[in-house]
Amino acid sequence: MMFEKLVFYLQYPFVRYALVVGVLTALCSSLLGVTLVLKRFSFIGDGLSHVAFGVIAVASVLKLTDDMLLVLPVTAVCAVLILRTGQKAKISGDAAIAMISVGAMAFGYLIMNVFSTSPNLSGDVCSTLFGSTSILTLRRKDVRLCIALSVLIVVAFIMFYNKIFAVSFDEEFSRSAGTKADMYNNLIAVITAAVIVLAMNLVGSLLISALIVFPALSAMRLFKSFRSVTICSAVLSVICAFRASSSPYLQGLLSEPR
Amino acid sequence: MALITVRDLSVGYDGHAVAEGLNFSVNQGDYLCIVGENGSGKTTLMRTLLRLQEPLSGRVLTGDGLRKNEIGYLPQQTVLQKDFPASVREIVMSGFQGRCTLRPFYSKEERRLALGNLRKMGIEGLADRCYRELSGGQQQRVLLARALCAAGRVLLLDEPVSGLDPKVSAEMYGLISGLNRDGITVIMVSHDIQAAVTHASHILQLGKDSFYGTRDEYLESPTGKHFLEHKEEGEA
């Protein structure tokens, strides 16, 4: 019965899109989540999504048709800056996140207010923050971008898995062994930025931290090696994302599409 | 030629020298202990030897076929590691990261070597245990095994017994001396002069009364005598 219902809904592209994007974003954010939580950057999701919010505001004022082209690079640069402050302790990591995120968010909101292009400003802000509707209004192009980015992220994560582990566990030792720790930190930062920009479509900027920290923290309770924690975190979040993306249809929370 | 030769070296941060005019060399099989008070530049010198930072002036030369990154490092433990979920095997394997520059995974040979190093440290039974659940002494052994994976000839140890109780400290010193007898060159940074004069073959003291020479020369020197007397008074 459940299964038939799911198959019935899956014939609608928007349902398929939402499911695919939901599961992929959750997978990517949970993979990185383990590293970020362990590096004490649990709040980076929150911080960077505020940055992305600011950039989206600027992009909408500039009437860019493809705002991803601006959002992704700027967020990546901010991610690199935030993760770098973690090492040189003049401004600590959490302070850097607070400064950059609040600054970008205030700037974005100001820009949106001053150069308002849409009649429903608070509605726009709300959907950027909570992402409530956009998961159901994805276009084919968004889905393609999401799939491409997710594949890239997963491949990069697997390729550099051992290095990411080494650099997260002991940066000084990695450097002394000749590993280019800065390069891998920047890689982690860029991947994080990509994940967050991806996840904004799904849950909006406020709830991204949830996608990053909960699977990782649950997995860390259950398992004791880095590999099993990473795998468990990925599996948990894929199951939860699948369940969450499909339950509205299965339980009749949405009206029948016509 | 010596493994490591230091000439007129000045080390420090942001152009401000912490220790200046350092001259010493480390030969194959030496056990050099770097001692000195807090702030005398022990850590900075160590970071410079590991090429984690640039010297202000002077040079660190490596010879005898020793490559730049072939110094096995035992760092002090960080706060991050306290709740890091990692198995002993994963940590020890990460010692090989410098060897596989772009290779994504470790080889069978490296797995075998890692187990061998665990055996040398007497902790092969702990390979699948979680690092954060081990005792302080066991954790140090794990990190020492990792350092052995990174480099088989020279080890640089940063306060290897800090936070360990006297019995475990003695075991740790015994383990290090054993490695040294097997031909591994050891450079140890420590504030424990007593341990230094017991185990080391050479001593480098930083600070006001700087000194470099063999252990016997140190015991005869005014600096050494002064320091040891001072130590005894402190302990009495």
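How many helices and strands does the secondary structure of chain B come to? In this predicted model, in which local features need a pLDDT of at least 70, side-chain atom pairs count only at pLDDT 80 or more, and totals for chains, interfaces and linings use all residues, the secondary structure of chain B comes to 8 helices and 9 strands, where helices (H or I, at least four residues) and strands (E, at least two) are DSSP runs numbered from the N terminus. Residues are numbered from 1 along each chain as its sequence is written, and chains are lettered from A and ligands numbered from 1 in the order in which they are written.

The radius of gyration of chain B, taken over C-alpha atoms, is 18 Å, close to the 18 Å given for 236 residues by the globule rule (2.2 Å times the number of residues to the power 0.38), so chain B is as compact as a globular protein of that length. Along the principal axes, the C-alpha atoms of chain B fill a box of roughly 50 × 40 × 35 Å. Of the 236 residues of chain B, 41% count as buried, a residue being buried if 20 or more other C-beta atoms, placed from the backbone, lie within 10 Å of its own. The average pLDDT of chain B, the predictor's confidence in each residue on a scale from 0 to 100, is 86, and 96% of the residues score at least 70.

For the complex, the predictor gives an ipTM of 0.87 and a pTM of 0.86. Contact is made between 22 residues of chain B and 26 residues of chain A, two residues being in contact if their C-beta atoms, placed from the backbone, lie within 7 Å. Strand E5 (71-74) and helix H2 (88-93) of chain B each supply at least two residues of the side that touches chain A.

Within chain A, the axes of helix H1 (residues 2-10) and helix H12 (residues 226-250) come within 10 Å and cross at roughly 95°, with axes being lines fitted to C-alpha atoms, for helices over the stretch in contact, and angles running from 0 to 180 degrees between N-to-C directions. Met2(A), Lys5(A), Leu6(A) and Tyr9(A) in H1(A) meet Ser246(A), Tyr249(A) and Leu250(A) in H12(A).

Ile97(A), found in helix H5 (residues 93-114) of chain A, is buried, with 26 other C-beta atoms within 10 Å. Leaving aside neighbours within four places in sequence, Ile97(A) is in contact with Phe43(A), Ile44(A), Gly47(A) and Ile82(A).

Terms used:
A residue is buried if 20 or more other C-beta atoms lie within 10 Å of its own, exposed if 12 or fewer, and partly exposed in between; C-beta atoms are placed from the backbone.
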